[in-house]
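Dear colleague,

Please find below the structure that I am handing over to you. My notes on it follow directly after.

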Amino acid sequence: MSQAIKTSTIYGIILGTIFWAVFFLFRTELASIFLHDELLIHQAGYFINILGPSAPMLGVINMITIYFQALGAPVKSLLITIMRNVVLFIPAVIILNNLWQLSGIIAAQPIAETILAIICIAMYAKDSNDKKMLRKQTLDFLSVILLIPSAVYDNISNENNRVIGCVDPIPERMGVMPMKNQRVWSLSRKETRNHE
C-alpha cells in the first residue's frame, strides 16, 4: 500500500511539473486562446507563471486526500480540504495582498498549496508510522494468541485431541509440557499439508 501511494504521488508530481513547464513555455499562447487584448495576454501569462508552481503540489495534496478517503478517514481528508480552501488560502490572500497587491493574491495559491503539501506529507508520515505501530502491536498480540495456546494438537481436525506440546511457559504452569517453537510450527505445517 505504501509503495503504491509513493509511486502515485511521484507520478502526480511529475505530471504537475510537466504541466508547469508547458504553462511556463507557452503562457502567452495559452492566454491568447481566451484573450485578444495584448496587454491582457501579457498579464495573464505573468499570472500563469506565478500559479505554475502549484501544479506539482496538487500531486501530493490530491493523493494524500484520496489516501485518507480510501482508508475511511473522512475527517483527515476534510481537514486537508478545509486547510487548503480556508485556513491557508484566505489568510495568504489577505497577507500577500497587503504585501504585493494583485501579484500577491495570485501568489497566495501556490504558497498555500506548497505549505499544505508539506503538511500532507507530515500527516501521511504520521499515519504511516501509526499504521506500522498498530501493525506491530497487532502482530505482537496475535503472536501471544497463537503462541500461548493451552496446547497444540497433533491433528488439525482434533480427531485424537492428543497434546504434543506448547510454546510458552504459561501453559507449562498449567501442566502442559513446553516444546520449541520451530518444532511445534513445523508439526503444525506438516499436519496442515497432510489434510489438504
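Which residues line the largest pocket? The lining consists of G12, L15, G16, F19, F23, I48, L51, G52, S54, A55, L58 and G59. A pocket is an open set of points on a 1 Å grid over the protein atoms alone, where a 1.4 Å probe fits, with protein on both sides within 12 Å along at least five of seven lines; lining residues have an atom within 4 Å of a point.

Please note that this is a predicted model, in which local features need pLDDT of at least 70 and side-chain atom pairs count only at pLDDT 80 or more, while totals for chains, interfaces and linings use all residues. Residues are numbered from 1 along each chain as its sequence is written, and side-chain values use heavy atoms, with hydrogens and water left out.

The volume of the largest pocket is about 160 Å³, taken as the space filled by probe spheres set on the points, which are joined across faces, edges and corners. Two or more lining residues come from each of α1, α3 (38-51) and α4; helices are DSSP runs (H or I, at least four residues), numbered from the N terminus. The most is given by α1, with five residues. By class, the lining has seven nonpolar, five polar and no charged residues (Ala, Val, Leu, Ile, Met, Phe, Trp, Tyr, Cys and Pro count as nonpolar, Asp, Glu, Lys and Arg as charged, and the others, Gly among them, as polar).

Turning to the helix packing, α1 (residues 2-25) meets α4 (residues 54-70) at an angle of about 150 degrees, with the axes 6 Å apart. Axes are lines fitted to C-alpha atoms, for helices over the stretch in contact, and angles run from 0 to 180 degrees between N-to-C directions. The helices α1 and α4 are therefore roughly antiparallel (an angle over 145 degrees). On the α1 side, the contact (heavy atoms within 4.5 Å) is made by I5, S8, T9, G12, I13, G16, T17 and W20, and on the α4 side by A55, P56, G59, V60, M63 and Y67. These residues comprise eight nonpolar, six polar and no charged.

The axes of α1 and α2 (residues 27-34) come within 4 Å and cross at roughly 75 degrees. The helices α1 and α2 are therefore roughly perpendicular (65 to 115 degrees). Here V22, F23, F24 and L25 of α1 meet R27, E29 and L30 of α2, a contact of five nonpolar, no polar and two charged residues.

Finally, Q101 lies in helix α5 (residues 74-147) and has a positive phi of about 55 degrees, although it is not a glycine.

Yours sincerely

Notes
Angles under 35 degrees count as roughly parallel, over 145 as roughly antiparallel, 65 to 115 as roughly perpendicular and the rest as oblique.
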